[in-house]
Amino acid sequence: MADRHRSDADPPLREAWRQALAGIRVRFGRHVLTGVGICLGTAFFASTLTLRATESASAKTDPAALSRLDWLAGTSLLMCLVGITNSMLLSVAERFREIGTFKCIGASDTFIVKVFLMEAFVLGAIGSIAGALLGVALMGGALAMMGFAVPWAVLPAKGLLAIGVGMLLTVGSAIGPAVQAARMPAVSALRTEV
């Protein structure tokens with residue numbers, strides 16, 4: 001009940017957005033590493049989609065090969081999820097003291113969650129766009145050089161799919177750590193050593 005009243009008095013959304021951008025700017029090096037992790041996971045997924053699209057467009061489509069590529073795409077998604085979740089957990093854990101300070105000056109749990117989710121959205125967008133471009137371009141280029149008929153017309157859709165999945169995974173994997181951090185008592189957050 002108390003937190004609901006505090007969230008009613010939260011600063012406007014643009015203040016959470018400003019805090020999220022400030023957080024990225026202050027910890028730029030750490031966020032670059034997180035963004036690289038998101039980029040590599042998304043690139044792996046995008047390259048798998050490109051490979052599958054090329055195999056599907058081939059005159060000699062092998063159903064068994066398509067099944068293997070589906071399995072590989074699922075595995076790449078899982079790896080992407082684990083990598084991104086780990087990055088987001090580390091990112092939140094490093095900021096327990098900052099979260100404690102936020103709570104001491106009256107920020108509600110909702111406001112703290114908003115800040116972390118907005119940070120994740122920005123990182124997810126940048127990392128996923130870069131990863132999708134990288135994955136589609138490198139795999140498409142490599143397949144074309146090996147003589148495969150790459151279906152370039154369908155690759156933008158595959159890239160958009162990879163971007164959407166990368167962003168969803170990033171924001172989704174940030175929810176748990178952000179909620180956990182926001183629920184910490186201020187004193188415990190300030191005492192935490194990471």
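# A helical chain: packing, core and charged pairs

Phe102 is buried, with a relative accessible area of 13%, where buried means under 20% relative accessible area, exposed means over 50% and partly exposed lies in between (1.4 Å probe, protein chains only). Phe111 is also buried, at a relative accessible area of 4%. The model is a predicted one, in which local features need pLDDT of at least 70 and side-chain atom pairs count only at pLDDT 80 or more, while totals for chains, interfaces and linings use all residues. Residues are numbered from 1 along each chain as its sequence is written, and side-chain values use heavy atoms, with hydrogens and water left out.

A search of the whole structure finds one aromatic pair. In that pair Phe102 and Phe111 stand edge-to-face, 6.3 Å centre to centre and with 85° between the planes. For such pairs, ring centres of Phe, Tyr and Trp (its six-membered ring) must lie within 6.5 Å, and planes under 30 degrees apart count as stacked, over 60 as edge-to-face and the rest as tilted.

## Overall architecture

The chain has eight helices and zero strands, and read along the sequence it follows the pattern α-α-α-α-α-α-α-α; helices (H or I, at least four residues) and strands (E, at least two) are DSSP runs numbered from the N terminus. Along the principal axes, the C-alpha atoms fill a box of roughly 65 × 30 × 25 Å. Of the 194 residues in the chain, 43% are buried. Among contacts between residues at least 6 apart in sequence, 85% join residues at least 24 apart, contact meaning heavy atoms within 4.5 Å. The accessible surface comes to about 10300 Å², and 71% of this surface belongs to carbon and sulfur atoms; accessible areas come from the Shrake-Rupley method with a 1.4 Å probe, and for residues only the protein chains shown count as cover.

Leaving aside neighbours within four places in sequence, Ala162 is in contact with Thr42, Phe45, Ala46, Leu49 and Ala132. Thr34, which lies in helix H3 (residues 28–57), is buried, with a relative accessible area of 1%; with neighbours within four places again set aside, Thr34 is in contact with Ser87, Met88 and Leu123.

Together with Val32, Val36 and Leu40, Phe28 makes a nonpolar surface patch of about 370 Å²; patches are made of residues with over 30% relative accessible area and no salt bridge, like charges being joined within 9 Å and nonpolar side chains (Val, Leu, Ile, Met, Phe, Trp, Tyr) within 5 Å.

## Charged pairs

The structure holds six salt bridges, each being a side-chain nitrogen of Lys or Arg within 4 Å of a carboxyl oxygen of Asp or Glu. The table includes some of them.

| Salt bridge | N to O distance |
|---|---|
| Lys103 and Asp109 | 3.0 Å |
| Arg18 and Glu15 | 2.8 Å |
| Asp70 and Arg52 | 2.4 Å |

Asp70 lies in helix H4 and Arg52 in helix H3, so this pair ties together parts that are 18 residues apart in sequence. Both ends are partly exposed: Asp70 has a relative accessible area of 39%, and Arg52 has one of 27%.

The pair of Arg18 and Glu15 sits within helix H2 (residues 13–26), and because these residues are three apart there, about one helical turn separates them. Arg18 is partly exposed, with a relative accessible area of 48%, and Glu15 is likewise partly exposed, at 23%.

Lys103, by contrast, is buried, with a relative accessible area of 13%. Elsewhere, salt bridges that share partners join Arg27, Arg95, Glu98 and Glu119 into one network.
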